[in-house]
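Colleague: I am new to this model and would like a guided look at it. Please show it to me, and then let us go through it topic by topic.

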Amino acid sequence: MPKMKVMQMRMQINDAKPNEADLELYDEIGESTDWWTGKTSGISAESITQFLKENQDVDTVNLHINSNGGLVFEGITIHNVLKGSDKTVNVIIDGLAASIASVIAMCGDTVKMYPTSQMMIHNCWTYGCGNANDFRKLADQMDKIMDSSRIAYLSKAKDKLTKEKLNELLDNESYLTAQECFDLGLCDEIIGVDTSKKEESKVDKEKEEKDDEPFEKSPTVEPLDKENGWFF
């Protein structure tokens, strides 16, 4: 049987807007070839890089994601290639952006989710063999790999997500709804939902709670601890 290579990622120029390209990540991250059939599946960073080189007039990339994740470094490379391009990258999570696919999503200048879309984030995992020293070294390597993923999440979320909260979510292998992603800064827009009204409602509620608090005499203000620089 002759070997067949199947393109698992649809990449095409938008007919209505020739300066825009539509890319679909609807498969595992990282290519693999079936030994029996010769079919290649998965998404490679090389295929995306090649597409961008062949379509340099494109200034906007609409990146649709529905993927369970895959190979860490392949995903980090895809993230960096798109993030480092001179293109405007609009990420739309059509279904699930899980594991390293969620890291890829962080490359977007805008990240949009449908109300029914989800994102799953967790700590990376691997197989291993060897002695105790080998496993200690492997654990250290995995910690460094996770540092790269944390940079991507925190850079996107900015002040909406602390490192401590992110580590908690990663440790718990968290499935996040669109609203949770929006609240954490991992998503900019929920398609079809007016999130601005929810933000206003949240501010109003906090103001009401503050207004309902009983009046108390202001405490004596102590001078700042100049030596330690601690203040509240």
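Modeller: A convention comes before anything else: helices (H or I, at least four residues) and strands (E, at least two) are runs assigned by DSSP and numbered from the N terminus. This is a predicted model, in which local features need pLDDT of at least 70 and side-chain atom pairs count only at pLDDT 80 or more, while totals for chains, interfaces and linings use all residues. Residues are numbered from 1 along each chain as its sequence is written, and side-chain values use heavy atoms, with hydrogens and water left out.

Colleague: Understood. How many helices and strands does the protein have?

Modeller: The protein has 7 helices and 10 strands. Of its 232 residues, 38% are buried, where buried means under 20% relative accessible area, exposed over 50%, and partly exposed in between (1.4 Å probe, protein chains only). Taking contact to mean heavy atoms within 4.5 Å, 64% of the contacts between residues at least 6 apart in sequence join residues at least 24 apart.

Colleague: Let us turn to helix packing. At roughly what angle do the axes of helix 1 and helix 2 cross?

Modeller: Two packed helices are described by the angle between their axes and the distance between the axes. The axes of helix 1 (residues 45–54) and helix 2 (residues 72–83) cross at roughly 20° and come within 9 Å. Here axes are lines fitted to C-alpha atoms, for helices over the stretch in contact, and angles run from 0 to 180 degrees between N-to-C directions. Helix 1 and helix 2 are therefore roughly parallel to each other. The cut-offs are as follows: under 35 degrees is roughly parallel, over 145 roughly antiparallel, 65 to 115 roughly perpendicular, and the rest oblique.

Colleague: Which residues make that contact?

Modeller: Helix 1 contributes Ala45, Glu46, Ile48, Thr49 and Leu52, and helix 2 contributes Glu74, Thr77, Ile78, Val81 and Leu82. By class, the contact of helix 1 with helix 2 has 6 nonpolar, 2 polar and 2 charged residues. In this scheme Ala, Val, Leu, Ile, Met, Phe, Trp, Tyr, Cys and Pro count as nonpolar, Asp, Glu, Lys and Arg as charged, and the others, Gly among them, as polar.

Colleague: And how do helix 4 and helix 5 cross?

Modeller: The axes of helix 4 (residues 132–157) and helix 5 (residues 163–171) come within 11 Å, crossing at roughly 120°. Helix 4 and helix 5 are therefore oblique to each other. From helix 4, Met146, Arg150, Tyr153 and Leu154 take part in the contact, and from helix 5, Lys163, Leu166, Asn167 and Leu170. The residues of the contact of helix 4 with helix 5 divide into 5 nonpolar, 1 polar and 2 charged.

Colleague: Where is Lys158 placed, and is Lys158 buried or exposed?

Modeller: Lys158 is in the loop between helix 4 and helix 5. With 61% relative accessibility, Lys158 counts as exposed. Its C-alpha atom is 9.1 Å from that of Leu184, a residue 26 places apart from Lys158 along the chain.

Colleague: Changing topic to the backbone: what is phi of Ser99?

Modeller: Most residues other than glycine have a negative phi, and most peptide bonds are trans. Phi of Ser99 is near 55°, a positive value in a residue other than glycine. Ser99 sits in the loop between strand 6 (88–98) and helix 3 (100–105). Glu173, also not a glycine, has a positive phi of about 45°; Glu173 is in the loop between helix 5 and strand 9 (174–177).

Colleague: What is the relative accessible area of Ser99, and what is the relative accessibility of Glu173?

Modeller: Ser99 is buried, at 15%, whereas Glu173 counts as partly exposed, at 44%. Beyond its neighbours within four places in sequence, Ser99 is in contact with Asn68, Gly69, Met120, His122 and Tyr153.

Colleague: Finally, the cysteines. How many disulfides does a search of the whole structure find?

Modeller: The search finds 0 disulfides, a disulfide being a pair of cysteine sulfur atoms within 2.5 Å.
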